[in-house]
Amino acid sequence: MDLKKILNTFHPFERRVFPVLKHAHTLEEIMKATGMQEIEVMRALQWLSNKEVIKKEGFINPKTTTFISLTQKAERYQKEKRLPERKILEYLQKHHKATKTILKKELNLEEEEFNAILGILKKENYIHILKNSDIELQITEKGLENKTLSQDEHLFEKICGEGSVQKTSEHSSEFLKRRGLIEEKEKAERIIILTPLGEKLSKEKISNEVLDKLTPEMLKTKAWREKEFRRFDIKVEVPRIYRGKRHFVDQAIQSIKRIWLDLGFKELEGNLVETAFWDLDALFVPQDHSAREMQDTFFVKGKTGILKGDIPEQIAKKIKAVHETGGDTGSAGWGGVWNKEKAKELLLITHDTYLSAKTLAHLKKEDLPFKSFQIMKVFRNEALDWKHLFEFYQVGGIVVDQDVNLRNLLGYLKQFFKKMGYPDVQIRPSFFGYTEPSAEIFVFHPIKKEWVEVGGAGMFRPEVTKPLLGFECPVIAWGIGLERVLTDYYKIKDLREIYKNDLRQLRDMKEFMK
Amino acid sequence: MAAIIIQKKSFLDHLKKALADSEITAIIQKLGVSVEQITHTELTLEVLPNRPDLLSEAGLVRALQAFLGIKKGLRKYAVRKSGGKVFIDPSVKDVRPYTACALVKKLNFGNEKIKEIMQLQEKLHATFGRNRNKVAIGMYPLDKIKLPITYTAKAPQEIRFRPLEANREMSATEILEEHPAGKAYAYLLQEAKKYPVFIDANKNILSLPPIINSHETGRVTEKTTEVFIECSGHQSGAVKTCLNLIVTTLAEMGGEIYSMELNDGKKKETTPDLTPVKRKLNIKYLNQRIGASFKEKEIKFLLEKMGHDYNAGNVFISAYRTDMLHEIDLAEDIAIAYGYENLKPELPNAATVGEESPFEVFRNKLCNLLVGFRLLELNTYHLTSEEVVNEKMNHNGEIIELANVANQEFNVLRSWMLPGVMQILGENTRYEYPQRVFCSGIVFKKDEQEETRIKEQTKLAVALAGKGEDFTKIKQILAGMMDALAVIWSIKETEHPSFIEGRVGAVLVDGNEIGFVGEIHPRVLDNFKIEMPMAALELNLSELFKTLK
């Protein structure tokens, strides 16, 4: 190890502390020797300890010492530096006899304290107790002669003089402690001892002429010439600074968007409030379906009941026919009567597929093949809890092409999920009113080693495509839940956390790297 | 989705196979039925709404027997003539116009079988029957009633009988007001002046559909061996299919089906009609949709796995399948029979060009630009409350309310972005300042010009909270954005109740106000329990984008 290199890393604080360590071994001594603040010395010692210049032992695990000091109760004896029993003894040496009442009054003693004194005087055979109407103390021969202080009295005097005394076998008194006159306090004392490395370093010369921060002035005056820069401890932890960043949901949206753009898809945008016509009727959802009910779907409230939206006349006619009889699609339809008023109800979109329906209504044959996607919030009238959100993102898309088929749907999904980090995709039979065949999308979770459901897919029914497009054409479609991907990536258990916007969480969260 | 429970032992006995739990799951899943739980004795399954014929053990076994090749193709059921008659009175036209009826005999109900059939009835009511509105099913022990039956509608006060689960005779009005089933389904008869009833030849009321059966004449027990079944509802087709489904399921359980003659005064009809539905099949069409090249022989094999018959270009579909609206539905059956898991993914090579929405390109650039100013992006809900958007902001804007919302804290569509941001900062006061954040998103306002009467635009809110955050700081951000976009803009003095007077300005671009910027009023900060000064701006990005074009 290059000693000089180590010395070079010393901070100005360390440079001041290190030289005194030859003879100063406690914090107090070091502070005294350097004239530095405690916090400065501590920081210097911490760094020196990190560099293994001082022994970790005495610094990190300081030796604890017990000190004895006076309690608040004992303060009134502090001035005379003696215990009340001495005063009683002296009184009795003078008067030979005294009643408890007189002594208590004379010395202003409490009952408890007086009884303790009585006990010790009697134990030492300094007094007799005479029992009359009042307790009377009479001094003995031994008492009359006693002039030397007891061990406790010596200790007390010492504490009074010095403020506190280190506890030793000699300097301790259970009796005074019980009487509540003294208390014991532990004090940690760091003993700073140089390591062999420190010893070696102490023989080296420490220059105070190293440069710390490079300043513009130094550059101007060229003061840096022929001087050394202090070496930094580059491994030291640094406090974090906060950067600006996108919300992790938006980061994920950007990544996902990139994938669909790379696959040649066009991004679409749409309303979040729509008529039931586009959200349900155009997608061949029967009018008696439960999605129309208040408990599942958000409807917009108006001055008189639900606000009504506009629906396009031409398409409405075709949708009516397809619902009632199947129209010209070759379908049997749902039967019953299709009610246009019901289709005018305004709701918060229940799925992003409505945008696909709207898109189909504007497509012409020459636009094909057509591939589009959208990432948007959809809504469910649900109470908010750890596994339910009332609004969440769906990633949906369609491909409109005369040749497109179910295997192509699987092909696109496989490409997408491969880029999202899920190498295997499976579809399983399912049911959606507007697709046939219908499928649920599963991906194989590479860590959990199990199949996880991530969305729904299928081919739009002819009852959906023919009235909207005006011609027969297969359309493949899918909808993927974004939150499912997010909870997995960020290991989030409670869905509410995604939109909690806890600033610490947002500041600390890793980037969405897919 | 409907959850059903079936008995594992009898299920496996019927399949004549000893299957491990994992094998049961795998096989059932292939039909689109998901397995929720398997115990020693029971299977809990989720059945998709398009396959109500799988809502019973007998139905599921029937489908699996075909699927596994144990009993392939169309299942044929004999329908014997009973000679029993049902008169349909024209009075039902206005309340519940259709019915289809049958008898089933030689039943041998054990306790489990009764449960199974009750479960099927209940699940059919909830799913295919649309909570009994579209179709409701009634079943009556034949030994308690006398044919012929009359289906008619009567004034509520004329209807009196003892309903199931009641200990006394009640009037129809009492049933709807007091009986549990009556209360639950009263809304289905809400607008009816007369209520539908089935009455037998003894003039006994059998039931008040779709509410409840009579205790005396409409209670099926383990001892019942012969039943009269009716389905009633609002769609003739649905009522008949539902009857077909019930009687064939009973036949699978060992029953014999007998038809009844329906007469509505104009025409006579015999139900059930179990004649298979014949549909022409275009193999080329099916292969195109699936992306397969199945030959006719393979198609025939796959259709038979799904319980259909195929002969010379025609498919014969069971009369109980409710989900066969179109030829495409056969494509799904063929794909399921082939196995979705056997389909090979294929990416078409038709070239298309990816295209990001120009507005989203703009919005994203702007957001990334704000990140450059070390701002943190938030993502907030579109739903909020009037308290947040108006009251706490000391504001009085127009609101758009939602009907019948599950969470009262989220019953309003947001009209601007800043309140949501303030709310978030109010919840984060324990964290380090400065807190410099932004949030962009769709906001809503009433507009008669729009198809939905609501205009949706994207707005941006930026908020700086902390010691020393003031008008200068927020205007620096604004200026930085506008410079980056090379937009000519200006600020005009304005008043806004959420901001400190004299420290708020309207942002003008091309003479249009597209937002405002200022220092938040301490009264507003206080409402959100924020104890740091705050400066903020709100910009209409949709409008700003227009001026860029």
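Visitor: How far apart do the C-alpha centres of domain 1 of chain B and domain 2 of chain B lie?
Guide: This is a predicted model, in which local features need pLDDT of at least 70, side-chain atom pairs count only at pLDDT 80 or more, and totals for chains, interfaces and linings use all residues. Residues are numbered from 1 along each chain as its sequence is written, chains are lettered from A and ligands numbered from 1 in written order, and side-chain values use heavy atoms, without hydrogens and water. Domain bounds come from an automatic or database domain assignment. Between the C-alpha centres of domain 1 and domain 2 of chain B the distance is 30 Å.

Visitor: How many residues does the contact take from domain 1 of chain B and from domain 2 of chain B?
Guide: Contact means heavy atoms within 4.5 Å. Domain 1 of chain B covers 2–50 + 61–67, and domain 2 covers 79–271. Domain 1 of chain B gives 6 residues and domain 2 of chain B gives 7 residues.

Visitor: Which residues in domain 1 of chain B lose the most area to domain 2 of chain B?
Guide: Buried area is the accessible area (1.4 Å probe, Shrake-Rupley method) that two parts lose on being put together, summed over both. The two domains of chain B bury about 620 Å² between them, 48% of it on carbon and sulfur atoms. On the domain 1 side, 56% of what is buried comes from B:Ala2, B:Gln7 and B:Arg62 together.

Visitor: How many salt bridges does the rule find across the interface of domain 1 of chain B and domain 2 of chain B?
Guide: A salt bridge needs a side-chain nitrogen of Lys or Arg within 4 Å of a carboxyl oxygen of Asp or Glu. Over all chains the count comes to 67. Across this interface of chain B the count is 0.

Visitor: What area is buried between chain A and chain B?
Guide: In this interface 98 residues of chain A are in contact with 85 residues of chain B. The count between the chains is 12 salt bridges. B:Glu401 pairs with A:Lys301 in a salt bridge, closest N and O atoms 3.3 Å apart. Carbon and sulfur atoms give 54% of the buried area, which is about 8000 Å².

Visitor: Is A:Lys377 buried or exposed?
Guide: A:Lys377 forms a salt bridge with A:Glu391, with 2.7 Å between the closest N and O atoms. A:Lys377 lies in strand E11 and A:Glu391 in strand E12 of chain A, so the pair ties together parts 14 residues apart in sequence; strands (E, at least two residues) and helices (H or I, at least four) are DSSP runs, numbered from the N terminus. Buried means under 20% relative accessible area, exposed over 50%, partly exposed in between (1.4 Å probe, protein chains only). At 2%, A:Lys377 is buried.

Visitor: Which residue meets B:Arg436 in a salt bridge?
Guide: B:Arg436 is partly exposed, at 22% relative accessibility. The N to O distance is 3.0 Å, and the partner is B:Glu469.

Visitor: Which residues form a nonpolar patch on the surface?
Guide: Patch residues have over 30% relative accessible area and no salt bridge; like charges are joined within 9 Å, nonpolar side chains (Val, Leu, Ile, Met, Phe, Trp, Tyr) within 5 Å. A:Phe229 is partly exposed at 36% and lies in the loop between helix H14 and helix H15 of chain A. With about 370 Å² of accessible area together, the patch members are A:Leu214, A:Leu219, A:Trp224 and A:Phe229.
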